[in-house]
Amino acid sequence: MMFVEMLRVAAQSIRANFFRAFLTMLGIIIGVAAVITMVALGTGAQRAINEQLDSLGGNVLSVRSGQGFHRGVAVQTDKLTADDVAALKRDVSSVTAIVPELSVRRQVKLGNQNRSLNIVGTTPEFADVNGFEMLYGRMITQGDVGAKRRVALLGGEVPVEFEIDPTQLIGQRLLIQGTSFEIIGIFEKKGSQMFDNQDKNVWIPISTAQYRVAGTDNLGKIGVQIAPGIDIGQAIIDVERVLRREHKIIPGARNDFNLSDRKQFLQMQQEATKIFSYLLAGIAGISLIVGGIGIMNIMLVTVTERTREIGIRKAMGATRANIMVQFLIEAMSLCIAGGIIGIILGGVASTLLANLAGWQTPVSVTAVTVAFVFSAGVGLFFGIWPASKAASLDPIAALRYE
Amino acid sequence: MDQQTDQSGQKPLIRIENLGRTYRLGETTIDALRSVDLTVQVNEYLAIMGPSGSGKTTLMNMIGLLDTPDRGEYWLNGELVSELGDSRLAKLRNREIGFVFQTFNLLNRANALHNVEMPLIYAGFGRKERLSRADHALEQVGLADRAKHRPVEMSGGQRQRVAIARALVTQPSILLADEPTGNLDSATGADIMSLFDQLQKAGQTIILVTHEASVAAHADREVHILDGTIASDTGAVVH
Ligand SMILES: Nc1ncnc2c1ncn2[C@@H]1O[C@H](COP(=O)(O)OP(=O)(O)OP(=O)(O)O)[C@@H](O)[C@H]1O
Ligand SMILES: [Mg+2]
């Protein structure tokens with residue numbers, strides 16, 4: 001009963017100084033909107049990484065040819081070969097698939113347009129191991145590899161690049177450095193993955209790449225898929241041991257290849273994103289606290305302005321608790337109103353940013369609840385001092401106040 | 001002596017003994033009240049007079065429970081109120097005391113009805129009950145037609161009537177008025193005084209402070225204060 005009255009008095013007081021109240025609320029509005037947006041962005045970024053993690057079948061180790069050392073001098077070598085692939089297949093027990101890759105950049109002609117694209121020679125397992133899905137057509141087969149067929153598979157962005165309708169492309173011809181290839185399939189778009197975008201690549205059988213396009217036996221990269229549940233550290237040691245043996249690297253000398261673990265990399269990236277989003281949310285939280293200080297300031301002004309009213313209310317029988325609660329309600333009303341506006345603004349901002357970043361940035365119920373409770377808490381916390389100042393006013397002194 | 005009854009065996013509404021209040025301003029101290037003894041019976045009509053600065057307002061604030069004494073005892077309706085805590089004091093201010101100020105002390109943002117309603121909020125009445133009681137109190141002071149007017153839209157006399165309605169709305173034991181006509185012209189002041197006379201006839205106990213003999217003449221008993229003590233007292237006239 002009395003609570004309803006106090007709400008009414010608070011509403012009346014806020015309305016009486018509406019512009020001032022709004023300016024004060026602005027701090028809370030911005031703070032809450034920032035918290036909501038930052039949490040949503042953080043969640044979105046993590047979700048994007050999680051999806052990438054999920055899309056990797058098992059754990060994939062990438063072996064790339066790297067620098068070798070000849071008499072202490074670094075020399076570029078291209079020493080990954082079909083023999084390495086065979087040795088890894090034979091000697092590393094935890095391997096479920098091995099996907100060699102050979103990339104070169106070449107001029108590609110489709111219709112009457114020319115583009116310089118990455119041509120990647122690979123084997124049929126490529127799609128499964130790397131989580132690529134077919135949009136149209138078929139994957140490269142073992143038969144294509146065996147017969148060094150001139151067939152090509154396009155990344156999801158390639159048709160866009162040539163401004164050609166993808167449905168019309170299967171069975172068409174494309175020229176790689178003057179050599180004619182048949183288009184057998186198109187991958188679904190995959191989007192950016194760890195700084196590189198493979199959607200503009202063209203894939204061809206590894207043998208075709210070696211003999212007809214690149215003119216080398218060597219491989220640029222070997223993808224080694226490790227069976228799920230196998231300790232990745234052990235797998236790395238095994239792969240390294242086999243390759244060092246194959247490359248005849250003496251003990252103590254450095255590897256002439258690089259080994260990287262994509263899943264581990266993604267997990268690290270995920271950790272970093274988490275920390276970053278906590279940091280951003282923390283900064284947003286600080287702005288919320290600054291907003292709270294603004295509320296406290298305006299409440300102190302209000303208490304001073306209404307000293308006489310407080311004296312009158314006390315003379316008419318208001319207890320200290322009554323006065324305290326009244327001013328707390330006023331401070332909390334300001335914060336909660338600001339919080340609600342902030343939640344709406346934050347929701348709009350996250351949705352806009354989500355569209356911009358191509359992420360899903362869900363505004364979670366938790367974030368909204370936390371922001372709401374937090375802004376009410378800010379009102380309570382920063383309202384307590386002004387309210388207790390009001391409550392402890394001496395009635396006579398308050399009545400005499402000019 | 002029994003504190004609950006006086007010589008006549010009647011239970012006094014107010015019993016004050018040896019009451020003192022000292023203000024401290026840095027090094028200097030001002031004894032606003034030295035040693036006041038006062039007993040007031042139900043339905044008395046008492047005027048407190050005295051020169052400026054003699055301690056009249058200080059005494060009224062004590063009686064009205066707005067201030068607490070430094071020395072002495074004060075019984076209100078038999079309850080020792082000179083040493084109570086905030087919430088009990090607030091309750092007694094709300095139920096037992098109706099205060100009328102020289103400067104009206106109305107809330108300017110609220111209309112007459114809401115001003116009069118205010119003490120009832122702290123008494124815990126529901127909205128409907130509050131509004132009907134506030135209406136009735138405004139009627140009592142002849143302002144039923146001004147219920148929706150805000151103080152700034154009213155004359156001084158009307159404002160003081162609203163303040164009196166507010167003081168009466170909780171049906172207090174005592175109506176206290178500190179120079180209620182001090183800010184009014186003599187005609188309006190006379191109106192207010194005839195309202196007080198009416199209320200007293202209806203059974204209300206009234207204590208008022210005034211400088212004017214014509215105002216004091218309405219009361220049945222005059223108490224003169226000089227320098228923080230009671231200099232003369234014409235004695236109780238109980239109806
Ligand atoms: N808050 C205060 N601080 C210090 N001294 C005060 C305070 N209130 C009153 N006094 C002093 O106490 C004495 C009595 O003041 P009080 O207001 O009771 O006088 P009064 O009889 O009501 O005078 P008036 O007729 O002018 O209203 C005065 O000397 C005054 O200066
Ligand atoms: Mg005075």
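Which loop of chain A does Gln177(A) lie in? Gln177(A) lies in the loop between strand 8 (173-176) and strand 9 (179-187) of chain A, where helices (H or I, at least four residues) and strands (E, at least two) are DSSP runs numbered from the N terminus. This is a predicted model, so to speak: local features need pLDDT of at least 70, side-chain atom pairs count only at pLDDT 80 or more, and totals for chains, interfaces and linings use all residues. Residues are numbered from 1 along each chain as its sequence is written, chains are lettered from A and ligands numbered from 1 in the order in which they are written, and side-chain values use heavy atoms, leaving out hydrogens and water.

**Domains of chain A**
- Chain A splits into domain 1 (2-52 + 267-400) and domain 2 (78-255), with bounds from an automatic or database domain assignment.
- Taken over C-alpha atoms, the centres of domain 1 and domain 2 of chain A are 55 Å apart.

**Where chain B meets chain A**
- On the chain B side, 26 residues are in contact with 25 residues of chain A (contact means heavy atoms within 4.5 Å).
- Together the two chains bury about 2300 Å², with 59% of it on carbon and sulfur atoms; buried area is the accessible area (1.4 Å probe) that two parts lose on being put together, summed over both.
- Leu66(B), Arg109(B) and Tyr122(B) supply 32% of the area chain B buries against chain A, more than any other three residues.
- Arg109(B) also pairs with Glu309(A) in a salt bridge between side chains (3.3 Å, N to O), and the count between the chains is three salt bridges (a side-chain nitrogen of Lys or Arg within 4 Å of a carboxyl oxygen of Asp or Glu).
- Helix 2 (86-96), helix 3 (112-123) and helix 4 (127-140) of chain B are the elements giving two or more residues to the side that touches chain A.
- Helix 3 of chain B provides the largest share of that side, six residues.

**Aromatic pairs**
- Over all chains there are nine aromatic pairs (rings of Phe, Tyr and Trp, its six-membered ring, with centres within 6.5 Å; planes under 30 degrees apart are stacked, over 60 edge-to-face, the rest tilted).
- Phe126(A) and Trp203(A) have ring centres 5.4 Å apart and planes at 45°, so this pair is tilted.
- The pair links distant parts of the chain, with Phe126(A) in helix 4 (residues 126-130) and Trp203(A) in strand 10 (residues 202-205) of chain A, 77 residues apart.

**Positive phi**
- Gln177(A), a residue other than glycine, has a positive phi near 50°.
- Glu179(B) is not a glycine either, yet its phi is positive at about 45°; Glu179(B) lies in the loop between strand 7 (174-178) and helix 6 (186-201) of chain B.
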